[in-house]
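Hello,

Here is the structure I promised to pass on. Have a look at it first, and then read my notes below.

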Amino acid sequence: MHRPIYLDYNATTPVSADVIKSIHVYLYEYFGNPSSTHAYGLRAREGVSWAREQLAELMGAEPQEIVFTGSASEANNMAILGCARALRDRGQHLITTAVEHPSVMQPLLHLQQEGWELTIIPVDEYGQVTPEDVRSAIRSDTVIVSIMHANNEVGTIQPIAEIAAITRELGIILHVDAAQSVGKIPVSVDALGVDLLTLAGHKFYAPKGVGALYIREGVQLEKIMFGAGQERGRRTGTENVPYIVGIGEAARLAREGMTLDLERLRNKRNRLYGKLHDAIPGLKLNGHPSDRLPGTLNVSLPGVDGNTLLNQLSDVL
C-alpha cells in the first residue's frame, strides 16, 4: 500500500520552511529574555514586537490588542473565563452554539458549574447558526456570546458580522474562536465586529505551542494566571520568543499569499469532490455548500465508518 496523503490540515499543518528559518535564529542567536534590558534581551523583545505587528496587520488590529499565548485553547480560556469574571456584576448569562470546540465549551461548562447560566443554540443541517436564533437567546443579563468563525470538522463559516451587529447593539461581548480561519481566509476584526478573537499558529504553518488572543481596546478581562506581568499583565510567563517570531512569520506569509492560496485550494477541493462524487454513489457532502473554508471537504461515504477507514491506514506510516 502506498503512503497515505496527508489531508488533515484543520487538525494541524506542517511548519513552513521560512517559519523554521525564523525560529532557528531566535533559538541559537537571539536567545535572550525579552524582559532583560541588555542587548540580547532587547533583540528578543524586538522579535516579539515584530511578530505582534505581523499578526495585527493580518487581522486589521492594533499591535497592543494582540496577546500571545501557548495555544488557542489557552486563549479561549483567557477570553471566556477572564471576560465573564470581569463582567459578573452585569449579568451571569452566557451563549454559545452546539458545535463549539472543547476549549470553548469546557470553560463555559465550568462557569455553569460556578453558577452562570448557559444557553447552547442548535445549528441547522449545514452546521450554521442563524443570527435570529442568537437574538432570541439573548436576555437582559447576557454578557458574552461565544461562537466559532469556521468549523474544524466541516468548514462551515458562521455569519459573525450579522451576529456582531446584534451584540454591539445590545452591548454584549462577542468572542470568536477563529483558529480555523485566521491565515486561511481574510479575517478583519473590524469587518467582523468582534471583541475577542482566538487564533492558533499550527493551523497556518507555524509550530504547535503558540497562539494569540485579540482583545479589542477597552474590553476588560480578569486575570486567570498570575506572575511577573508579561504581555501587559494579561498573560504571565517568559515569552516563547522563537515560536512567537514563527507565528509572526507565518502571519506575514499568509497575508502575502492568501489570494492565490484561496483560489488554488478552492479549485483542488472542488476537483476532489467532483471525482469522489462521480466514483461513489450516495456520497454526501457535509457542511455548507458555499459558506465554508476553501480547503475543507467533509463527506460521508455510504456504509463506511470514518474511524475504521483511518485505522486501516494507520499501519502504513
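Let me start with L197, which touches M59, H175, V176, A178, V182, V187, V189, L192, A212, L213 and Y214, leaving aside residues up to four places away in sequence; touching, or contact, means heavy atoms within 4.5 Å. Before I go further: this is a predicted model, where local features need pLDDT of at least 70, side-chain atom pairs count only at pLDDT 80 or more, and totals for chains, interfaces and linings use all residues. Residues are numbered from 1 along each chain as its sequence is written, and side-chain values use heavy atoms, with hydrogens and water left out.

L197 also belongs to the largest nonpolar core, which has 54 residues; L55, M59, V182, V194, L197 and F204 have the most contacts inside it. By core I mean a set of buried Ala, Val, Leu, Ile, Met, Phe, Trp, Tyr and Cys residues joined through side-chain atoms within 4.5 Å. Buried is under 20% relative accessible area, exposed over 50%, and partly exposed in between (1.4 Å probe, protein chains only). Helix α8 (residues 241-279) gives the most to this core, with 9 residues. A second, separate core of 23 residues includes L94, I173, L196 and I215. Helices (H or I, at least four residues) and strands (E, at least two) are DSSP runs, numbered from the N terminus.

Helix α8 also packs on α2 (residues 39-59): their axes come within 8 Å and cross at roughly 30 degrees. Axes are lines fitted to C-alpha atoms, for helices over the stretch in contact, with angles running from 0 to 180 degrees between N-to-C directions. On the α2 side, the contact includes W50 and L55, and on the α8 side I244 and M258. By class, this contact has 13 nonpolar, 3 polar and 4 charged residues (Ala, Val, Leu, Ile, Met, Phe, Trp, Tyr, Cys and Pro count as nonpolar, Asp, Glu, Lys and Arg as charged, and the others, Gly among them, as polar).

Best wishes
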